[in-house]
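Please read the briefing below alongside the sequence and the coordinates.

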Amino acid sequence: MAPCSSAPVVAPWPTPSPSPTERRPSSSASGGTTTSTTSSRWRSSRETRHGTPTPTPSTASRETCTTAPMRTVRYAAETYKFQVQSNETYLLRIINAALNTPMFFKVASHSFTVVGVDAAYTTPYDTDVVVIAPGQTVDALMVAGAAVGRYYMAASPYDSAIPQGPPFSMTTTTAIVEYVGSAGVETPLLPSRPDYNDTDTAFRFLSNLTALVLPGKPTVPLSVDTRMFVTVGLGVSDCQPSQLLCNTTMSRTPVFSSSMNNASFVLPTATSMLEAHYRNATAGVYTRDFPDQPPVIFDNTADASDNATLQFTTKSTKVRTVRYNDTVEMVLQNTRLIAKESHPMHLHGYNFFVLAQGFGNYDEATATTQFNLVNPQERNTVAVPTGGWAVIRFVADNPGMWFMHCHFDAHLDLGLAMVFEVQDGPTAETSVPPPPLDLPQC
Ligand SMILES: [Cu+2]
């Protein structure tokens, strides 16, 4: 054992190559708005590294780092088993790889100190439950401070679409934390799990995180160049030519869809958007008219708004063009159309700051007073509260074409996406480089 480094240093992500004895958990949890079963799983670090995020003084006294491996052993019932040494600290790198379901993550008789989300440092945050949406990651320290024995770690679904969404399997996926010195046969203790619709617990975790402000590291910009108000949610579209079911058996009735600002995104089929951007040959590939607000202003979260007119959306490939280095602020407003739920909105190419989150319709007058402009959490996927809103801000200092989308795979496929077209900066370093010579041709 060695003491933790005093200086926060970004620890590399582990790149495990599973040994033949390793298996993913066999149990699964399903949810979201589809009826398909999805596999949820996470990775855990093999060892806690020197130089991992340093906790605040209030928690540092009980932290030590260890190079002892957190071994993974095949268990008879295909359940992951992690062996831990008493009183050592383990860094859990937790990833939600489920398709449509945010998860609650707990370990019986243990708690966590969250030190990072989406690979950005947080102010150390103590909690006994981690809430994580698809596409998000959480780095959390766990002290093996319980009595020698065996404990379940468990991930259970958070389905915010209920009661409007379809039914789903409320299963829990588990692994076993086994202490060195235990008999290895005790029935593990299972943690209590939040209810599947426990929005209060989800919001408490997701809204209480703050960034770890480091000397010399820029935090949220205070002036804004581009402001956008963007509704995100579900809807319906006309049956598309490629959709066989509605073309053949359902008399071309409208089909399930989703959109941002009522624009339901479809990828171009012939030319990549980045190539079209680079060659300035965008005709027939995309249009630069993604709107800064929805075409109709309506009561976004009222049940009465869930009508056929407001549900209807059309398919398109729209981008929002922004200048290099502009600061973009986007209000993400969930809607009540079809189902009211938490959409994990993910932006490629950037981290953004989450200034505030809340429920109901966004009200600028009251929301701006809640903005955290000191140490807002920095991440790349924000779980917009169910029937609520979130405000994000980022500096467009990475030229190119950057996808923004819901990280529920079903919603992405249905069109819950848009693209930022970020123009080149003044130098070659700040411009999109030419495509590689071996770029495959369509
Ligand atoms: Cu979604």
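The points that follow start with the whole protein and then go through its parts by topic.

This is a predicted model, in which local features need pLDDT of at least 70 and side-chain atom pairs count only at pLDDT 80 or more, while totals for chains, interfaces and linings use all residues. Residues are numbered from 1 along each chain as its sequence is written. The protein has seven helices and 23 strands; helices (H or I, at least four residues) and strands (E, at least two) are DSSP runs, numbered from the N terminus.

**Overall figures**

- Of the 442 residues in the protein, 41% are buried. A residue is buried if 20 or more other C-beta atoms lie within 10 Å of its own, exposed if 12 or fewer, and partly exposed in between, with C-beta atoms placed from the backbone.
- Among contacts with a separation of 6 or more, 80% are between residues 24 or more positions apart. Two residues are in contact if their C-beta atoms, placed from the backbone, lie within 7 Å.

**Confidence**

- The mean pLDDT (the predictor's confidence in each residue, from 0 to 100) is 83, and 81% of the residues reach 70 or more.
- Residues 1–76 have pLDDT below 50, and this stretch has 167 contacts in the model beyond near neighbours in sequence.
- Where pLDDT is low, the predicted coordinates should not be read in detail.

- Four strands form an open sheet in the order 3-8-5-6, with antiparallel pairing. Two strands pair if DSSP finds at least two bridges between them.
- Strand 3 (89–95) and strand 6 (120–127) are the edge strands, and each pairs on one side only.
- From one strand to the next, the twist averages 25°. Axes are lines fitted to C-alpha atoms, for helices over the stretch in contact, and angles run from 0 to 180 degrees between N-to-C directions.
- Seven bridges hold the antiparallel pairing of strand 3 and strand 8, and Ile94 stands opposite Val138 in strand 8.
- Strand 5 (residues 112–117) and strand 8 (residues 137–143) run antiparallel and are joined by four bridges; here Val114 stands opposite Ala140 in strand 8.
- Six of the seven residues of strand 8 are buried, so this strand is mostly covered.

- A second open sheet has five strands in the order 15-23-22-17-20, and its pairing is mixed.
- Strand 15 (319–322) and strand 20 (381–384) are at the edges with a single partner strand each, so one side of each has no neighbour in the sheet.
- Neighbouring strands of this sheet are turned by 20° against each other on average, direction ignored.
- Strand 15 runs parallel to strand 23 (residues 417–422), with four bridges between them. Thr321 stands opposite Glu421 in strand 23.

**Helix 2**

- Ala202, Phe203, Phe205 and Leu206 are buried in helix 2 (residues 199–208).
- Seen down the axis of helix 2, its buried residues fall within an arc of 165°, so they line one face of the helix. The arc is that of the directions from the helix axis to the C-beta atoms.
- An α-helix has 3.6 residues a turn, so residues three or four places apart point the same way.
- The cover over the buried residues of helix 2 includes strand 6, strand 7 (130–132) and strand 20.

**Asn261**

- Asn261 is in the loop between strand 12 (255–260) and strand 13 (263–265).
- Asn261 counts as buried because 20 C-beta neighbours lie inside 10 Å.
- Leaving aside neighbours within four places in sequence, its contacts are Val230, Thr231, Phe290, Pro291, Gln293 and Pro294.
- Asn261 and Leu332 are 71 residues apart in sequence, and their C-alpha atoms are 9.7 Å apart in space.

**Positive phi**

- Most residues other than glycine have a negative phi, and most peptide bonds are trans.
- Asn87 is not a glycine, yet its phi is positive, near 70°. Asn87 lies in the loop between strand 2 (81–84) and strand 3, and counts as partly exposed because it has 13 C-beta neighbours inside 10 Å.
- Asp118, also not a glycine, has a positive phi of about 50°. Asp118 sits in the loop between strand 5 and strand 6, and its 19 C-beta neighbours inside 10 Å make it partly exposed.
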